[in-house]
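Please walk me through this structure in the viewer, one selection at a time. Tell me what to pick next and what is to be found there.

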Amino acid sequence: ATPAWTVGSPLDSRAPATLDSREMAPPQYIVGAGAPITFADVGAGTTMSEALSSGGDSRLTLKDGRNKYYCPPYPMKGAIVRGSCTSSPPSTLGYDSAKRTWDALTAAPDFMAQFEREMDSMRTRIIKALELPEGSAVVLAASGTDAEYVPLVVARELSPPGTTVASVLAAAEEVGSGCKEACAGCYFDAGTPFKAAKATKGAALEGLEGVELVSVPARDASGEVVDTAAAIADSLASGADRTWVVRQVVGTKTGFATTMPPAGALPERTFNVVDACQLRVGVDDVRRYLAEGSMVLLTGSKFMQGAAFSGAVVIPPVLVSRLREAAAAGSPPPLPAGFADFFGRHEVPAELEHWRAQLHARPNVGLLLRWGTAIPLIESVLALPHSTQESLTAEWIGGVCKRVEVTSCLEVMSTDCGIVSVACKRPDGAGYYAVDELKLVHKWIASDVSAHAGAYECKSAKRVVFIGQPVLITKEKAVLRIALGAELLLQLRTSAYDPSEDADAVDKLAWAVTSFEQLKAAGA
């Protein structure tokens, strides 16, 4: 919720001069300025569920207690959680961790001082869990999609004035739905973490106008994965005078990784970005990307099962040094004014003080709490040897595939990165269900539909099952996804795994697909 500040109140210490002229620019909080600010002054909601759903975009808006992907912002007892490739309700371990942060914030006599400590602590825990090299900078973001603005700002700041930034988005249909807009420097949703007025989707952020988007599809018309490296190389050949931001996706919606041209084939002014937002990678992988000079996008709300959504950008030491040197020389342009609709100074680390100095100090309580629901699982999973993670994942995938294979209406399409992508067959061999039809199935799976008669009786129709939303393969075919998440991986590690949950998940999915016409006609 956005509080109704008034000019001249203790909360209005005015925004920085570069933002003062912007319509509805947020007020700036300064620790120690005037009377201490309490939690009630901030207006982040009166319950933790409200706070967890604040400070983001419309995907977080709750309807009947659930977000766009049917997930509540709290643990759901009895639910089967296999949707970590899209969205999950937080685990009990994660929720309890965030609750401790919530309690500290609400009880603090000086809210802003406590919030600043909690944000610094969260960044430190992320750095330690990922074993990031010294000199890296971690910028927190409200989602993986919000994180896409950071590489554009880095490229803009380190390019000659007036240079056009060309932004390459790989696997466009198998990354976040708003990435096409965000990678072009545009608003991807009407809602933003800090802009009080609704944004216009597709409109450029002030200061990021003119970004040229090059969108590389995930698949060709037949559903085969595109040769991304070749497509990117073709695009680069036509723009030697531009600054390029080129992305590699390590973990698309169906789990495959895109390819990149050889480093020697890239233009001199190229900024590489590794989209590892699924966070289905190891510590060594992240360190390697950074050593190669790539910025790395991460989230705590996919594989790590934090509440939707939380993102981060790790800027490698080599780029941090360049940014600091440019700032010391007084040469960088000011931050794009529209950047402040998504980021405040608390999201930016001390290594980038010249960014912090230009940003407001409004707190994003929801972002902090959402990372709080993810960090215990991140720490626990990344402490495991990667070989152990891989063997447990392979064991689980094998079990799920066996359950799918005995059904007559489901077919395993791929099993990459712990994501089992399942195509759903129409009756009588008449092809496969398409993406719009599977959106209905996805909804039914996440609901108690036991009141509706299907093709046959299903004992698991009442169970709530969270799976990954449908992904387009061709115009006539889509898949739903059954995904391993961090909580399940830890259960496999400790022998706490209950295989009957996967049996029920596959059983309900097969029943919903077989009963598609009956459930649709009944308005389920």
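## Stop 1: the largest cavity

The lining of the largest cavity is made up of eight nonpolar, eleven polar and seven charged residues. The model is a predicted one. To find the place, select Thr145, Val175, Gly176, Cys277 and Lys302, which lie nearest the centre of the largest cavity among its 26 lining residues. Then colour helix H5 (144-147) and strand E7 (295-299), the elements that give two or more residues to this lining. The volume of the largest cavity is about 330 Å³. The structure holds five cavities of 30 Å³ or more.

## Stop 2: the second largest cavity

Next, select Asn67, Pro72, Pro73, Ala307 and Ala308. These residues lie nearest the centre of the second largest cavity, which has 13 lining residues. The space in the second largest cavity is about 80 Å³. Its lining has nine nonpolar and four polar residues, and no charged ones.

The peptide bond from alanine 308 to phenylalanine 309 is cis, with omega near -10 degrees. Most peptide bonds are trans. Phenylalanine 309 is placed in the loop between E7 and strand E8 (311-315).

## Stop 3: the sheet of seven strands

Show the strands as a cartoon and hide the side chains. In what order do the strands of the seven-stranded open sheet run? The order is E2-E8-E7-E6-E5-E3-E4, and the pairing is mixed. Strand E2 (137-141) and strand E4 (212-215) each have a single partner strand, so one side of each has no neighbour in the sheet. On average, and with direction ignored, neighbouring strands of this sheet are turned by 20 degrees against each other.

Zoom in on the end of the sheet at E4. Strand E3 (residues 165-169) pairs with E4 in the parallel sense over four bridges. For one of the residue pairs, select leucine 169, whose bridge partner in E4 is serine 215.

Helix H4 (residues 111-130) touches E2 and E7, and its direction makes about 120 degrees with that of E2. Helix H6 (residues 149-157) touches E2, E3, strand E5 (243-249), strand E6 (270-275), E7 and E8. The direction of H6 makes about 150 degrees with that of E5.

## Stop 4: the sheet of five strands

Move on to the other end of the strand numbering. An open sheet of five strands, with mixed pairing, has the order E1-E11-E12-E10-E9. Strand E1 (80-82) and strand E9 (410-416) are its edge strands, and each pairs on one side only. Neighbouring strands of this sheet are turned by 30 degrees against each other on average, direction ignored.

Select E9 together with strand E10 (residues 419-424). The two pair in the antiparallel sense over six bridges. Valine 412 stands opposite valine 422 in E10.

Leave E10 and follow the chain to aspartate 428, in the loop between E10 and H14. Aspartate 428 is not a glycine, yet has a positive phi of about 60 degrees. Most residues other than glycine have a negative phi. H14 itself lies across E10, E11 and strand E12 (477-483), and runs at about 175 degrees to E11.

## Stop 5: the second largest pocket

Keep H14 and E11 in view. Helix H14 (435-445) and strand E11 (465-474) each supply at least two residues of the lining of the second largest pocket. Which element gives the largest share of that lining? The answer is E11, with four residues. Select Ser177, Lys253, Lys439, Gln469 and Pro470, which lie nearest the centre of this pocket among its 17 lining residues. The lining has eight nonpolar, four polar and five charged residues. The volume of the second largest pocket is about 510 Å³.

## Stop 6

For the last stop, select helix H13 (residues 386-405) and helix H16 (residues 499-514). Their axes come within 10 Å and cross at roughly 40 degrees. The crossing of H13 and H16 is right-handed. Show the side chains of Trp396, Val400, Arg403 and Val404 of H13, and of Pro499, Asp502, Ala503 and Val506 of H16, which make the contact. Six of the residues in this contact are nonpolar, two are charged and none is polar.

Key. Residues numbered from 1 in each chain as written. Predicted model: local features only at pLDDT ≥ 70, side-chain atom pairs only at ≥ 80, totals over all residues. Heavy atoms only, no water. 1 Å grid on protein atoms, 1.4 Å probe; cavity = no way out; pocket = protein on both sides within 12 Å on 5 of 7 lines; lining within 4 Å. Points joined across faces, edges and corners; volume = space filled by probe spheres on them. Nonpolar A, V, L, I, M, F, W, Y, C, P; charged D, E, K, R; others polar. Pairing = 2+ DSSP bridges. Axes fitted to C-alpha atoms, helices over the stretch in contact; angles between N-to-C directions. Contact = heavy atoms within 4.5 Å. Left-handed = near helix turned anticlockwise from the far one by under 90°.
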